[in-house]
Amino acid sequence: MRKMTFAALAAVLLVPPAAAQDAPAAAGATYIHAGRLLADPASGRVETGKTLVVEGGRVAAIRDGFVGEGRVIDLRDAFVMPGFIDSHVHLTFESGPTSRIDAVTKSTTDQAFDGVVFAGRTVRAGFTTVVDLGSDPEAINALRDAIAAGKVTGPRVIAAGGVAAHGGHGDVHGYRQEIIDLFRSPTLCSGADDCARAVRVAVQQGADIIKTASTGGVMSNTAAGLGQQMSDAELVAIVETAHRLGRKVAAHAHGTDGVNAALRAGVDSVEHGTYIDPESIRLFKAKGSYLVPTLLAGDTVSQQAETADWMPAPVRAKARTVGPLMVDALRRAHQGGVRIAFGTDSAVSKHGENAREFALMVKAGLTPLDAIRAATVWGAAHIGLEGEIGSLAAGKAADIVAVRGDPLADVTALETVDFVMKGGAVVRPSAD
Ligand SMILES: [Zn+2]
């Protein structure tokens, strides 16, 4: 526990125990005294000496000065802002030396329990909402629902259903065929009609959003490159079907051909976007699609390619190539005016270290404020939740993060979060 949290913890201890758990706060207001407050990252305005009045899990009001009594949380020494949104995680696993064996030994229940641990680390790092872009559907849907019901401490989860090409990035590789057959998902597809079917199955299974992969991927254990793997017709069928069912589409894409095909098909976001070109930038803007750059994944795998002996050879070769290119891709996209949403691909990197992405985004030329916007207001708009999260105002969710120091001067301040509230419940410092 860090210095300022003693004051915060003392105040938190005044809160009855029930409110310190991951459930909506009991009736009655909580007053958060914010020394510096960035309530709306869109405006970028930092106000001093404000009180956030929290009631029923939501911000009831923002008042001048330090007011209210009873349940007071003292963040007078802190920089307070909305909870962060990570638009690309995989909550039920983590890449490492045992990944290949884990994939065939861990049951769905094992994965759900691992997800409980990783969800806790994620929310305590200040990420109060995540988009899970690929976990076992049964495990992630159960985890999402348990968190929403207040049974488990974790971020709000938007859970994707994956729709991918047979033999492509989302398929299973590198095991005996009998094992692969066992693990193949009913949402793998070939051909436009079959891909429409796969989207419908994913939605039926509980997907909030559709994740597809228009190109090869770094972490798939196959030397199939990083170019386009899904046909244009398949991508159009996926997007049209998902949109008809009220679901957005996030497309994993590295190679230029696959990025541009996904954008032409109308995907809502491109994940990674390593080899974007000027035509990609034009398409992003014409379609209003978001880039989710996942620089932390690139950084992690390019380091592991040199040091981790467990990394399979096809993965290592792709990792070496891609990592260094991703920062430059974000630089060009941002300069070109592409909408950016913060995403880490955590599971490739360790859960709970999501905030390391901020410094990498700044390295790519974003200001610290723009990096914060990508993780708040822009991230909220990307998933259509701008009325609920991403900024602090009366009526919005009481998802609140505080750090020491000034993240607008040194964005690495966000890597050490001192206080987190999600939906009106304090999750850091934790009561237990
Ligand atoms: Zn991913």
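A: Let us begin with pairing: two strands are said to pair if DSSP finds at least two bridges between them. Strands (E, at least two residues) and helices (H or I, at least four) are DSSP runs, numbered from the N terminus. Thr 30, for example, stands opposite Val 54 in strand 2. This is a predicted model, in which local features need pLDDT of at least 70 and side-chain atom pairs count only at pLDDT 80 or more, whereas totals for chains, interfaces and linings use all residues. Residues are numbered from 1 along each chain as its sequence is written, and side-chain values use heavy atoms, with hydrogens and water left out.

Q: In which sense does strand 1 pair with strand 2, and in which with strand 4?

A: Strand 1 (residues 30-37) pairs with strand 2 in the antiparallel sense over seven bridges, while strand 1 and strand 4 (residues 71-82) pair in the parallel sense, also over seven bridges. In strand 4, Val 72 is the bridge partner of Tyr 31. Strand 2 (residues 47-55) is in turn joined by six bridges to strand 3, the two running antiparallel, and Glu 55 there stands opposite Arg 58 in strand 3.

Q: What is the order of the strands in the open sheet, and which strands stand at its edges?

A: The open sheet has seven strands in the order 3-2-1-4-14-15-16, with mixed pairing. Strand 3 (58-64) and strand 16 (425-428) stand at the edges; each has a single partner strand, so one side of each is left without a neighbour in the sheet. Neighbouring strands of this sheet are turned against each other by 35 degrees on average, direction ignored.

Q: Is strand 1 mostly buried or exposed?

A: A residue is called buried under 20% relative accessible area, exposed over 50% and partly exposed in between, with a 1.4 Å probe and protein chains only. Strand 1 is mostly covered, since seven of its eight residues are buried. Asn 260, which has its place in helix 8 (residues 256-265), also counts as buried, at 6% relative accessibility. Leaving aside neighbours within four places in sequence, Asn 260 is in contact (heavy atoms within 4.5 Å) with Asp 277, Glu 279, Ser 280 and Leu 283.

Q: At what angle do the axes of helix 3 and helix 4 cross?

A: Axes are lines fitted to C-alpha atoms, for helices over the stretch in contact, and angles run from 0 to 180 degrees between N-to-C directions. The axes of helix 3 (residues 108-124) and helix 4 (residues 137-148) come within 9 Å and cross at roughly 45 degrees. Angles under 35 degrees count as roughly parallel, over 145 as roughly antiparallel, 65 to 115 as roughly perpendicular and the rest as oblique; helix 3 and helix 4 are therefore oblique to each other. The contact involves, among others, Gly 115 and Val 116 of helix 3 and Leu 143 and Ile 147 of helix 4. Helix 3 also lies across strand 15 (417-422) and strand 16, running at about 110 degrees to strand 15.

Q: What is the handedness of the crossing of helix 10 and helix 11?

A: A crossing is left-handed if the near helix is turned anticlockwise from the far one by less than a right angle, and right-handed if clockwise. Helix 10 passes helix 11 in a left-handed crossing, whereas that of helix 3 and helix 4 is right-handed. Helix 10 (residues 295-307) and helix 11 (residues 313-335) pack at an angle of about 145 degrees, with their axes 8 Å apart.
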